[in-house]
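Welcome! Take a moment to look over the sequence and the 3D view, and then we will walk through them together.

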Amino acid sequence: MIAFILRRLGLLLPTFIGVTLIAFALIHLIPGDPIELMAGERGIDAARHAQLRAELGLDHPLWQQYFGYIFDILRGDLGHSFVTREPVLKEFLTLFPATIELSFCAMLFAVAIGLPVGIIAAVNRDSIFDHTVMGVSLIGYSMPIFWWALLLILLFSVNLGWTPVSGRISVMFWVEPVTGFMLIDTLLAGDTEAFVSALQHLILPAIVLGTIPLAVIARMTRSAMMEVIREDYIRVARAKGLSPLRVITVHALRNALIPVITVIGLQVGVLLAGAILTETIFAWPGVGKWLVDSIQRRDYPSVQGGILLIASIVMLVNLLVDLLYGLINPRIRYSR
Amino acid sequence: MTETTPSPTIAPLAPPGPLREFWQYFSKNKGAVLGMAVIVCLVLIALCAPWLAPHDPHEQFRHALLLPPFWSDGGSERFLLGTDDVGRDILSRLIFGARVSLLVGCIVVTLSLAVGVVLGLTAGFFRGFVENLIMRLMDVMLALPSLLLAIAIVAILGPSLSNAMIAIAVVVLPHYVRLTRAAVITETSKDYVIASQVAGAGLLRQMFVNVLPNCMAPLIVQATLGFSSAILDAAALGFLGLGAQPPTPEWGTMLADARQFIQRAWWVVTFPGLAILITVLAFNLMGDGLRDALDPRLKR
């Protein structure tokens with residue numbers, strides 16, 4: 001197992017270096033001079049220009065700058081935002097819980113519906129239910145989620161008035177940020193009304209963000225389940241006289257879950273990318289919206305840091321999924 | 001001497017041509033045929049846009065702002081699907097938008113397929129250092145969520161439709177490289193490759209004439225599915241303001257413009273998204289059907 005972990009970590013290193021190269025290139029490939037961009041419309045005089053150049057290390061050769069950049073990253077210094085002058089890492093970390101909260105709820109929604117629906121579809125193969133699930137999940141998979149979000153807002157917020165249009169909690173409430181997770185913080189504060197408000201704000205974005213993972217999980221569960229049901233050991237279990245429910249939930253599901261877990265893990269990247277769109281539409285104060293705002297404000301250090309951090313998180317999650325996979329399925333661990 | 005009477009029942013059955021065989025498998029899948037029909041319609045609409053569209057997509061009818069579709073109260077038959085906030089005909093913009101979206105699909109798929117095939121062939125033929133270099137690079141690109149990488153590239157190049165297309169083509173590249181390399185490695189171990197090598201076929205001939213045609217099946221499937229993801233990603237970038245810029249009649253950009261009128265005018269929000277969904281769905285349906293028909297592993 002240790003050799004397996006080390007091998008996975010070894011594969012991660014070149015990928016991480018590649019990501020830092022992309023992030024580093026970002027600030028050097030943008031057309032125009034970074035300092036003039038920083039100065040913005042006001043312009044800057046030559047002396048100050050030279051001083052800033054030296055301060056930011058832009059007068060060194062490129063390779064020196066790159067190594068300086070790597071050392072800065074290792075020290076946790078991702079630079080300062082052009083706009084707020086705050087450290088990028090600090091900004092990211094304040095906003096990140098909002099994104100985690102949203103992504104987690106989206107995944108919960110996707111798994112809670114996708115898994116049972118996929119199992120039922122597989123067990124009742126070629127039934128009307130099965131065909132409906134397959135059809136709907138294909139639509140879900142093809143859905144432009146930014147439009148889906150607008151449709152849900154149109155129905156639930158504008159026409160029915162059930163949910164708020166945007167934001168994370170009603171402005172009437174102020175909750176002490178302890179964990180950064182609004183649902184937990186409101187409970188800690190013991191404010192039920194605020195909790196309900198936070199939940200109402202969360203529900204539509206979570207559904208929107210969970211739609212594509214839901215479709216993928218439902219399809220994957222169905223096909224994995226169908227393969228497992230055909231196995232001999234399932235027939236044996238049935239022949240032993242076990243109840244159909246037990247055969248499906250205990251015997252078949254265990255093996256069917258292996259590919260499903262991988263897919264769930266791979267959806268984390270999809271979720272973080274989807275969060276960029278979802279957060280922008282619902283004005284959800286997470287890292288996705290922050291990234292888009294930073295691009296529009298030409299706040300390059302924030303863009304650079306944000307891309308590096310999000311990519312690193314996705315890589316780490318993929319690594320965890322790989323390791324988990326090896327843990328569940330020893331055949332993977334010992335191959336190669 | 002015996003008399004032989006040719007019986008009609010045992011007349012030699014000619015094996016079906018590859019195209020016939022393909023169609024046999026493909027047409028069994030109703031969804032795939034439906035998807036193809038929709039795509040053919042879309043292509044026709046895109047080609048005939050100037051004749052089909054009732055109005056110029058950029059013309060602003062100042063007296064008809066935010067007019068609802070013709071079946072609603074206050075709608076006019078002049079503007080079948082209504083007008084947007086500056087009085088442009090939505091139907092005409094959707095029709096011209098089909099041009100933009102299909103063009104994006106074509107260019108992205110062509111670019112990524114061409115570069116991906118060359119890189120994949122190179123990786124498959126030059127095992128070792130070159131292969132490692134190419135494949136590790138592809139791993140890096142796959143580690144990033146595709147929309148994030150596309151956004152990063154657009155942030156470098158600046159927001160425009162052509163830059164968005166380049167970004168999307170780069171983002172989907174690893175899929176083509178991996179597929180090609182995997183197929184090439186399977187093929188190069190086969191006898192016909194060794195035979196043609198012995199016969200003196202040069203490397204380029206070996207790569208492009210002998211091996212590549214046998215690797216096409218998975219690539220065709222991926223390219224079809226690539227159309228749908230290219231259209232979806234381009235619309236997403238357009239929606240974020242990082243793709244096509246207004247007043248281009250691009251579906252995602254139209255949605256971005258429409259967002260602020262969501263409380264007053266449902267039609268400006270509904271129709272462009274529906275167009276994206278139908279197009280993407282059609283390509284996904286056809287891609288699934290192609291996979292079933294072309295992928296020998298799934299053939300019965």
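How many helices and how many strands does the secondary structure of chain A come to? Chain A has 14 helices and zero strands, where helices (H or I, at least four residues) and strands (E, at least two) are DSSP runs numbered from the N terminus. This is a predicted model, in which local features need pLDDT of at least 70, side-chain atom pairs count only at pLDDT 80 or more, and totals for chains, interfaces and linings use all residues. Residues are numbered from 1 along each chain as its sequence is written, while chains are lettered from A and ligands numbered from 1 in the order in which they are written.

**Chain A: overall build**
- The C-alpha atoms of chain A fill a box of roughly 85 × 55 × 40 Å along the principal axes.
- Chain A has 336 residues, and 37% of them count as buried (20 or more other C-beta atoms within 10 Å of a residue's own, with C-beta atoms placed from the backbone).

**Chain A: confidence**
- The mean pLDDT (the predictor's confidence in each residue, from 0 to 100) of chain A is 83, and 93% of its residues reach 70 or more.

**Where chains A and B meet**
- The contact (C-beta atoms, placed from the backbone, within 7 Å) takes 37 residues from chain A and 34 residues from chain B.
- On the side of chain B that touches chain A, α12(B) gives the most, with eight residues.
- That side of chain B divides into 24 nonpolar, seven polar and three charged residues; Ala, Val, Leu, Ile, Met, Phe, Trp, Tyr, Cys and Pro count as nonpolar, Asp, Glu, Lys and Arg as charged, and the others, Gly among them, as polar.

How values were computed: Contact = placed C-beta atoms within 7 Å. Buried ≥ 20, exposed ≤ 12 C-beta atoms within 10 Å, placed from the backbone.
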